Amino acid sequence: MNRQRVLLILVVVAVVAAFYLSGAHQYFNLATMQAYRSDFIALFEQSPWQVAGIFFALYVVMTALSLPGATLLTLLGGALFGLGWGLLIISFASTIGATLAFVISRFLFRKPLEKRFPRQLERINRGVERDGAFYLFTLRLVPLFPFFMINLLMGLTRIRTVTYYWVSQVAMLPGTAVYVNAGGQLGELESLGGIISPELLASFALLAVFPWVARRIVLLVQTRKAYQAYTRPAAFDYDILVIGGGSAGLVTSYIASAVKARVALVEKHKMGGDCLNTGCVPSKALIRAAHAAHEVRTASRFGVNAGEPEIDFAKVMGHVQQAIGDIEPHDSVERYAGLGVEVYEDTATLLSPWEIQIGEQTVTARHVVIATGARPRIPALPGIDGAPVVTSETLWSLKEQPRRLVVLGGGAIGCELSQSFARLGSQVTLVEGAARLLGREDSEVGEHMATTLGQEGVTVLTASHAIEILNEADGHQLVVEQDGERLSLPFDALMVSVGRQANVEGLGLDALGINTTDAGTLELNERLQTRLPNIWACGDVAGPYQLTHAAAHQAWHAAVNALFGELKSFAVDYRFMPAVIYTQPEVARVGLNEQDAQAQGIAYEVTRYAMADSDRAITEGATQGFIKVLTVPGRDKILGATIVAEHAGEWLGEFTIAMKHGLGMNKLLGTIHPYPTLGEAAKASAGVWKNAHKPERVLRLLARYFRWRRGDQNTQPAKNSQKGDQV
């Protein structure tokens, strides 16, 4: 706690103590106000400005320090100044005092509580950012809510101070007017409870809900304005129409058909989208083949001498195509038709919010879900049009293995494919413009990946910028600039993996005024709605993640919100989104890493566990890697976990479910794990955390207790022969 905070606490405590120790609190009751009413009025008549100033300052101080008596001062103000001047003085004094209390609460408590309860307060702050003014207005209007509690609690949120001031000023005005007016009859009041009648409370309550009603009216007007250029059909062919048969579109269609909605699905290419045909499935099949080659090549470390593997690239690609073919029935037209989905294998264009042209015909739907995915981004490099360029989409059509492969882009795809092709025997150079690989991960993860790839023969060039491609008679070269020098990298194939761009063209979105973000994805609210409330989006076209499981997560929200949003809708929660990079070792993460936490100003502690300490990793010869867990300082609450280890993606789920359901490191430590497994390292990391948070005082007392039980007269505690034992 800094010096300013301590000083402010001392000042507040001193003033509050003085208030009670002096007996001042005893004078703030209705009987005292009534007894001295005539004296107060006489003082005011003699020195109106001085009395008004002292009254104003006293009111501000009492409200700012949450001292009792504000209601009685309001009555006294009505008696002294009358309704007009009394309302003016007290309205500003009460609002200024309330805002000071709000600021004091924020200064003293917000940061410490945000460090201790970051997730809970983040959720509250998202609601405050969206509806904070409305909530505050409602609370201020209904006198049942203690105003001093509102001041203190709202100070813990991130509502803007100026918003807090003006909403309080406006919302407290009706209640202030009632009490100021009652002050005119101060001598006749029998109790404070008689001022506010049930009828008046009901009136305030109705007034409090007015902003919400007004907001609904505004939304209704905005919706009508958005649709004013279109005529809504009297009837619809479908409840929901999905454009795109990839992961997001398939899940949306499945969920909608499961609840007996009439569903249409439009796909112009192949069912299954990128994941099945050009992404997850083929890449993992290729990675598996490359892993087999690596196992053969390195088998001698286990005493098995197999020599250099012979790679039949055509058969490797045949294995890839077989994997696609085996999974294809899961995403087929026949399967979804059997589920009740009407599948159109054609293009779709929106003619209006409800009318969709599919090929030569036009159909109508109450809701439209856009799930058109994304495609690899091709940089505008000079000479790229004449070069043998492949992407994550076109790679699978290769007939011959490139002897020299240059990979442009050191993200997840670039690292996965660089390692795989190097293991299959290609000479691979990986070029990354940033200072390290895997820029979304912590620096040590990127450094670990660069070291691993380098050990497997990949030439890794970071902080290297592609300048141009030279296409000459004797071959192709990528020219890059690194540290002010130009390097020419010869290649037989250039693999481009510098990101993906959303597929938004040709859908008729521009004509409907549906915009895109700076990232090129569709502009959506947190419930995946576009500016036209019946048009939704999910998957890669929606962002911010380009992961199959993220697409499925969004698809559930899109389907449920579209079909049942008039009753209940759900904002998408990305807090517990896991992600895996399928290199060897794998890189798996859920929640925050260090660079995310630092960027968001979230305090954290780091617990590390080296896979070299895992018994199973030792037996597997897979000791390279680590676990890094971020927790709330002083608590076992998990903020995020990064695993760099063999099969890390297979046991990342333990941390994901722990975070999702609020299970901390103590729960992981108390869970039985089978031995020996790689996943046991999750429990071991919890043990490291526990060891760092041992209750030292309790342990010292226990040491004394056991010495006493042994009859040991030695007063010095025994020293452990080993350090860092897990508790």
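The following dialogue shows how to read several features of this predicted model.

Q: How many helices and strands does the protein have, and what share of its residues is buried?

A: The secondary structure amounts to 25 helices and 22 strands. The protein has 727 residues, and 45% of them count as buried.

Q: Which residues are buried in helix H18, and against what do they pack?

A: Helix H18 holds 17 residues (548–564), which at 1.5 Å a residue should span 24 Å; its end C-alpha atoms are 24 Å apart, in agreement. The buried residues of H18 include Ala 550, Ala 551, Gln 554, His 557, Asn 561 and Leu 563. The elements against which the buried residues of H18 pack are S1, helix H11 (247–258), S6 and strand S17 (535–537).

Q: How does one read a nonpolar core, and which residues touch the most other members of the largest one?

A: In soluble globular proteins, nonpolar side chains tend to be buried together. Here the largest nonpolar core has 37 residues, and Leu 286 and Leu 438 touch the most other members. Elements that each supply at least two residues of this core include helix H13 (280–297), helix H14 (313–327), strand S9 (404–408) and strand S15 (493–496). Apart from this core lies another, of 29 residues, with Ala 264, Trp 354, Leu 509 and Ala 542 among them.

Q: With which residues is Leu 286 in contact, leaving aside neighbours within four places in sequence?

A: Leu 286 is in contact with Val 316, Val 320, Trp 396, Leu 417, Ser 420, Phe 421 and Leu 424.

Q: Where is Leu 494 found, and is this residue buried or exposed?

A: Leu 494 is found in strand S15. Its relative accessibility is 0%, so Leu 494 counts as buried. Not counting residues up to four places away in sequence, Leu 494 touches Pro 388, Val 389, Val 390, Val 406, Leu 408, Ile 469 and Leu 478. Sequence and space may also be set side by side: Leu 494 and Pro 402 are 92 residues apart in sequence, and their C-alpha atoms are 9.2 Å apart in space.

Q: How many salt bridges are there, and what does a pair link?

A: The count comes to 22 salt bridges. One of the pairs is Arg 366 and Asp 239, whose side chains meet at 3.6 Å, N to O. This pair links distant parts of the chain, since Arg 366 is in strand S6 (residues 361–370) and Asp 239 in strand S1 (residues 238–243), 127 residues apart. Arg 366 is partly exposed, because its relative accessibility is 25%. Asp 239 is also partly exposed, at 24%.

Q: Are Lys 628 and Asp 442 buried or exposed?

A: Lys 628 is buried, with a relative accessible area of 1%, and Asp 442 is buried at 4%. The two form a salt bridge, with the closest N and O atoms 2.6 Å apart. Salt bridges that share partners join Asp 442, Glu 444, Glu 594, Arg 608 and Lys 628 into one network.

Q: Where is Asp 636, and which side chain of opposite charge is nearest to this residue?

A: Asp 636 is placed in the loop between strand S21 (626–631) and strand S22 (638–645). Asp 636 is buried yet has no salt bridge, and the nearest side chain of opposite charge, that of Arg 635, is 5.8 Å away.

Methods
Residues numbered from 1 in each chain as written. Predicted model: local features only at pLDDT ≥ 70, side-chain atom pairs only at ≥ 80, totals over all residues. Heavy atoms only, no water. Core = buried A, V, L, I, M, F, W, Y, C linked by side-chain atoms within 4.5 Å. Buried < 20%, exposed > 50% of the residue type's maximum accessible area, 1.4 Å probe, protein only. Helix = DSSP H or I, 4+ residues; strand = E, 2+ residues; numbered from the N terminus. Contact = heavy atoms within 4.5 Å. Lys, Arg positive; Asp, Glu negative; His and termini not counted. Salt bridge = Lys/Arg side-chain N within 4 Å of Asp/Glu carboxyl O. Expected span 1.5 Å × (residues − 1).
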